[in-house]
Amino acid sequence: MKSSAFPVLFLGTDHIALKGLNRFVQHLRFDVKGVVTQVPKKQGRGRRCLMSPVARKAQELSLPVLIPDNLKSPEFLSQVKDLRASWAVLLSYGKILPKDFLSLFPGRALNFHASLLPRWKGAAPIQRAIMAGDETLGMSLQVMESKLDTGPLIGTRMFKMEMEMDAVDVFNKMDFLIQELLSDLLEYMKGNLVPVPQGESSTLYAHKIDKKESQIVWQEPALKIFNHIRALVIGPQAYTFYKGKRLKIYKARYPSEEHVVNTPGQIVELSADSFKVACRDSVLSVIQLQPESKNIMSAGEYIRGYNIKKGDIFN
């Protein structure tokens with residue numbers, strides 16, 4: 001047990017949460033008493049049930065792991081009490097915490113939310129922000145309330161979204177924002193920081209990404225398609241069809257070109273390492289992709305191996 005440390009219950013599931021868990025267990029001022037994570041989900045072609053990244057890490061560290069089906073169940077709430085944590089910290093857990101749970105940590109249930117509140121609330125703030133073309137992204141640390149993402153803010157950190165960045169880069173950036181926000185968290189825990197109510201600016205709801213919306217609509221503007229591709233690179237990936245086969249697009253380049261009059265979805269130019277596809281108002285250069293049932297490859301490899309040619313159509 002760490003001396004003079006704040007006893008914390010950590011709630012998280014995915015790889016962003018794993019980054020946060022690592023920060024907490026390495027920090028001398030936090031004593032992680034246990035972890036709450038989501039029920040294992042079937043993944044991959046074999047549809048095997050795999051423990052979450054956070055659960056696997058917690059087991060490596062010999063930390064107690066709670067995987068509740070029902071967050072309101074007396075059994076789960078009793079298990080939480082037995083861990084004797086004074087604070088609950090949530091980071092990309094994936095479920096809304098009920099009042100029964102929050103009442104165990106009045107003013108001490110805190111959420112690292114991957115957006116600049118109150119801009120985006122909900123399940124997929126990073127991807128929705130990229131899809132919307134937001135130029136500034138960030139992370140907020142808030143005190144949790146029963147209503148989703150409405151609690152007062154302890155701190156925020158932000159960065160500029162560059163054109164060459166995609167969702168993977170943003171997720172990696174979040175690790176540094178978590179580290180920076182830990183200083184604000186400690187000040188709040190010590191009673192030296194008063195949370196600030198969220199502003200009145202317009203709020204958008206970041207709905208969970210549905211696989212049905214992953215298909216590229218080439219009739220859309222090129223910039224919108226570009227944002228769509230880079231937002232979904234972490235899953236479920238943007239895709240199109242070529243000769244009846246699904247083709248996932250992992251990376252594209254948005255060129256500043258004059259208006260190009262072509263059939264949307266038509267290949268208008270090929271080079272050694274990319275090919276250009278017409279959109280409603282311009283073109284996109286595709287530079288990395290994945291054919292159906294194949295590995296990810298460069299556009300150059302795809303050109304050489306699949307005999308695509310100028311004039312072919314994606315749909």
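Me: Leaving out residues up to four places away in sequence, which residues does Ser285 touch?
Reply: Keep in mind this is a predicted model. Ser285 is found in strand S16, which covers residues 283-291. With those sequence neighbours set aside, the residues it touches are Lys251, Ala252, Arg253, Pro255, Phe275 and Lys276.

Me: Does Ser285 count as buried or exposed?
Reply: The cut-off for buried is under 20% relative accessible area. Ser285 comes in at 3% relative accessibility, so Ser285 counts as buried.

Me: Which residues of helix H2 are buried, and what covers them?
Reply: H2 runs over residues 53-60, and its buried residues are Pro53, Val54, Ala55 and Ala58. The cover over them includes strand S1 (6-12), helix H1 (15-26), strand S2 (30-36) and strand S5 (65-66).

Me: How do H1 and H6 pack: parallel, perpendicular or oblique?
Reply: H6 spans residues 167-189, and its axis lies 9 Å from that of H1, at an angle of about 40 degrees. Under 35 degrees would count as roughly parallel, and roughly perpendicular takes 65 to 115. That makes H1, relative to H6, oblique.

Me: Which residues of H1 meet H6, and what is the make-up of the contact by class?
Reply: From H1, it's Ile16, Lys19, Gly20, Arg23 and Phe24. They meet H6 residues including Phe171, Met174, Asp175 and Ile178. By class, the contact has seven nonpolar, three polar and three charged residues.

How values were computed. Residues numbered from 1 in each chain as written. Predicted model: local features only at pLDDT ≥ 70, side-chain atom pairs only at ≥ 80, totals over all residues. Heavy atoms only, no water. Buried < 20%, exposed > 50% of the residue type's maximum accessible area, 1.4 Å probe, protein only. Helix = DSSP H or I, 4+ residues; strand = E, 2+ residues; numbered from the N terminus. Contact = heavy atoms within 4.5 Å. Axes fitted to C-alpha atoms, helices over the stretch in contact; angles between N-to-C directions. Parallel < 35°, antiparallel > 145°, perpendicular 65-115°, else oblique. Nonpolar A, V, L, I, M, F, W, Y, C, P; charged D, E, K, R; others polar.
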